[in-house]
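Thanks, everyone. I will keep this short and stay with one part of the fold.

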Amino acid sequence: MADHAKQPGLNGAYYGPAIPPPAQSYHAYGRRSSGCGPCCLVGLLFKIVVTIVVILGIAALVLWLVFRPNEVKFHVVNASLTRFDITPNNTLRYDLALDVAVRNPNKKIGIYYDSIEANGYYHDIWFGSKWVDPFYQPKKTTTMLKPILSGEVPLGGSRINEFDGEKRSGVFPIDVVINLRVRLKVGSLKSKRIKPKINCDLKIPLKVNGSVAAFDTTRCDVDF
């Protein structure tokens with residue numbers, strides 16, 4: 001019996017055929033190293049998006065701290081109402097000229113005014129509009145806008161009594177709303193367009209027979 005090999009790992013003699021070593025499961029190892037599954041990819045994408053958002057937020061904060069943008073100021077410094085009357089068929093006729101001072105107080109920011117539309121309202125009733133030519137406003141400058149609203153529009157009968165009372169007083173409440181599309185310029189960089197709305201609540205005296213009535217300079221509100 002000495003010619004039979006004694007197998008390792010056995011306590012006694014083994015007299016059968018040689019036992020091959022246990023085979024390794026390469027298939028199992030291959031599956032474990034196959035890479036990320038769908039959940040892993042979603043998590044990785046989420047981390048990338050969060051990182052980008054954080055970086056953009058920090059960049060925006062740094063820009064704000066560096067340039068400290070100040071709000072542009074709008075003042076109606078003069079308003080001339082030379083005609084504001086109602087015809088027998090309840091048509092409002094109007095001639096309104098405005099001088100609007102626009103102040104850019106920023107030291108490092110210029111402004112592109114790509115679209116400027118001035119609208120007139122009488123007791124929330126729209127009566128006319130005027131487009132103003134686009135322009136670029138450099139830093140720390142004041143620009144004067146001079147829109148003129150002229151024409152006629154039907155006026156509802158419910159406003160006739162209010163109109164008669166205001167005509168006797170000689171002062172009319174008129175709201176001027178300026179719709180803007182602007183871009184900011186910092187160095188060679190330009191922002192995307194933003195659409196602020198300028199609201200001017202005015203009390204405008206009617207000029208009669210060439211008389212010069214006083215108008216009080218009025219600051220406008222800026223809404224984004």
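This is a predicted model: local features need pLDDT of at least 70, side-chain atom pairs count only at pLDDT 80 or more; totals for chains, interfaces and linings use all residues.

Which residue in strand 6 is the bridge partner of Asn104? It is Thr141. Residues are numbered from 1 along each chain as its sequence is written, and side-chain values use heavy atoms, with hydrogens and water left out.

Strand 2 pairs with strand 6, residues 141-145, in the antiparallel sense over five bridges. Strands here are DSSP E runs of at least two residues, helices H or I runs of at least four, numbered from the N terminus; two strands pair if DSSP finds at least two bridges between them. Strand 2 also runs antiparallel to strand 7, with seven bridges, and Ala97 stands opposite Ile148 there. With strand 1 there are twelve bridges, again antiparallel, and Val76 faces Val100.

Strands 1 and 2 form a hairpin with four residues between them, and Asn90 in the turn has a positive phi of about 65°. Thr87 lies in that loop. Is Thr87 buried or exposed? It counts as buried because its relative accessibility is 16%; buried means under 20%, exposed over 50%, partly exposed in between, with a 1.4 Å probe and protein chains only.

Ten of the 14 residues in strand 2 are buried. Phe74 is in contact, meaning heavy atoms within 4.5 Å, with residues including Val100, Ala101 and Val102.

Notes:
Lists of a residue's contacts leave out its neighbours within four places in sequence.
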